[in-house]
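Q: Hi! Could you walk me through how the helices pack in this one?
A: Happy to, let's bring it up.
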Amino acid sequence: MQKMLNFGFLLLTCLVNLQPSSCQADRRNAIISAMEKAVLFLGEYHDKVNIDAVLGYSVLEGFLNVVLERWQRKLELTVERQRILMMREKLLTFIKDADHDVEKQVPVSHKEFAPALKPGFWKVPQEWRKINESIPYSPTSGRCLDLKTSDFCISALLGTQDDSEVCWIPDNCTRLMVNTHCDGYLLSHQLFYFLFAKMQSCPNSLFQNAGYYENIFCDLMMRANRNIEKKNLVDYFGDLFTENIMFCGLAGFSEFFQASWLDRILNWQKQEKGCFWMFTSPSDEGHVRRRPKRSEKIIEGSCSSHNTAVAVAALGGFLLYGTS
C-alpha cells in the first residue's frame, strides 16, 4: 500500500508542477532502481529460477545494450549510464550462472531454448510504431495453440529439434500461428513465435508478412489489456497483462508503454527481495495453477519466476522508450 501511495504521489506531483523533464527523470530512476534490485535477486536465486526467468533477463540485457549505446553522448545521463553499465556486468554473470543451473535441472527443455538464453540473441526495436487498427483481417476458427506445441514450433525455428535446421516450420505450426480468434497466453505466444523468427532473420514466406501479423496480434492484445483494466481485473491478470506489454514492446509498439502501466509493474515488485509477485494474495497458489503456462517456480513463497521474467523485460522496454 505504501508503495502505491508513493508512486501515486510522484505522478500527482508531476501533474501539478507540470515539469515533464523532472517527471521523466523520476520515472527513469524508478525503473533503474527496480532493475538493479531484480538483477540482485537473480544473482541470489540463480539456482532456483526457471527457463522463463533466464529468457526474460536475456531480453532485458538486449534493451540495456541499446540504452547504453544511445546514452553514450548524453552527458546529463552519465551517472545513470554508469549504473546501467555496472548492472549489465552483474546481469551477464548472473544469466550465465542461471543458464548453467537450468541446463542441469531441465536439460531437455534447456536444449530446446538454448540459443535464446544467451546474451546477444535478443535484438530490440530501433524505432517505434503505432498499431494500425484499420488493417482488415478475417476471424479464424478451430483449435488454438497449446504450450507444448508452442515450445515445439519455437524450437523448430531455433533449429534445436533433432535433425532440424534453423527456421524450420512444420505444417501444423503454420496453421496454428496465424489464428486470429485465440486469446490469453495462446495469443501472446503466437506473437512470440514471430518474434523468434525475427531474431533469427528467418526468410520463410510466412515471415514476409510478419508486420501484418504482429499488428493484428498486438491490436488484439491491446484490446485485452484495456478490457482487463476497464473491468478492474489487473491484479487478477497481472502476469498476462505484463506479458502483453513485454511482447508487443519487443515488437516495437509504443502504445504499450503507458505511465500508469509502468506504475502497476513497479508496484508489483517485492522491495526487500527484488522479485515480482502479481497475484491477488501473498500465496495465491490456486491462481498459479490455473495459469496455462510452463511449470511455474515459486521462490521463497512470494516470488514468481514468470512474473519476474515478464516484468524485467517490460521494464527494459519502458526504459528504452523513455530515451526516444
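A: Before the pairs, a word on terms: axes are lines fitted to C-alpha atoms, for helices over the stretch in contact, and angles run from 0 to 180 degrees between N-to-C directions. Helices (H or I, at least four residues) are DSSP runs, numbered from the N terminus. This is a predicted model, where local features need pLDDT of at least 70, side-chain atom pairs count only at pLDDT 80 or more, and totals for chains, interfaces and linings use all residues. Residues are numbered from 1 along each chain as its sequence is written, and side-chain values use heavy atoms, leaving out hydrogens and water.

Q: Great. At what angle do α3 and α4 pack?
A: About 155°, with the axes of α3 (residues 51-70) and α4 (residues 78-105) 10 Å apart. The two are therefore roughly antiparallel to each other, a label for angles over 145 degrees.

Q: And which residues of α3 and α4 make the contact?
A: Taking contact as heavy atoms within 4.5 Å, α3 brings residues including I51, V54 and Y57, while α4 brings R81, I84 and L85, among others. By class, the residues of this contact divide into 15 nonpolar, 2 polar and 4 charged. Here Ala, Val, Leu, Ile, Met, Phe, Trp, Tyr, Cys and Pro count as nonpolar, Asp, Glu, Lys and Arg as charged, and the others, Gly among them, as polar.

Q: Are α6 and α8 roughly parallel or antiparallel?
A: Roughly parallel, because the angle between α6 (residues 147-158) and α8 (residues 184-200) is about 10°, and the label covers angles under 35 degrees. Their axes lie 10 Å apart. L147, S150, C153, I154, L157 and L158 of α6 meet H189, F192, Y193, F196, A197 and Q200 of α8. That contact has 9 nonpolar, 3 polar and no charged residues.

Q: Switching topic: how many disulfides are there?
A: The count is 5, taking a disulfide as a pair of cysteine sulfur atoms within 2.5 Å. One of them joins C144 to C182, S to S 2.0 Å. C144 is in the loop between α5 (107-113) and α6, and C182 in the loop between α7 (171-177) and α8, 38 residues apart.

Q: Nice. Which hand does the link of C144 and C182 have?
A: Left-handed, with -95° about the S-S bond.

Q: Last one: what is the mean pLDDT?
A: It is 91, and 89% of the residues reach 70 or more; pLDDT is the predictor's confidence in each residue, from 0 to 100. Over residues 286-290, though, pLDDT stays under 50.

Terms used. Angles under 35 degrees count as roughly parallel, over 145 as roughly antiparallel, 65 to 115 as roughly perpendicular and the rest as oblique.
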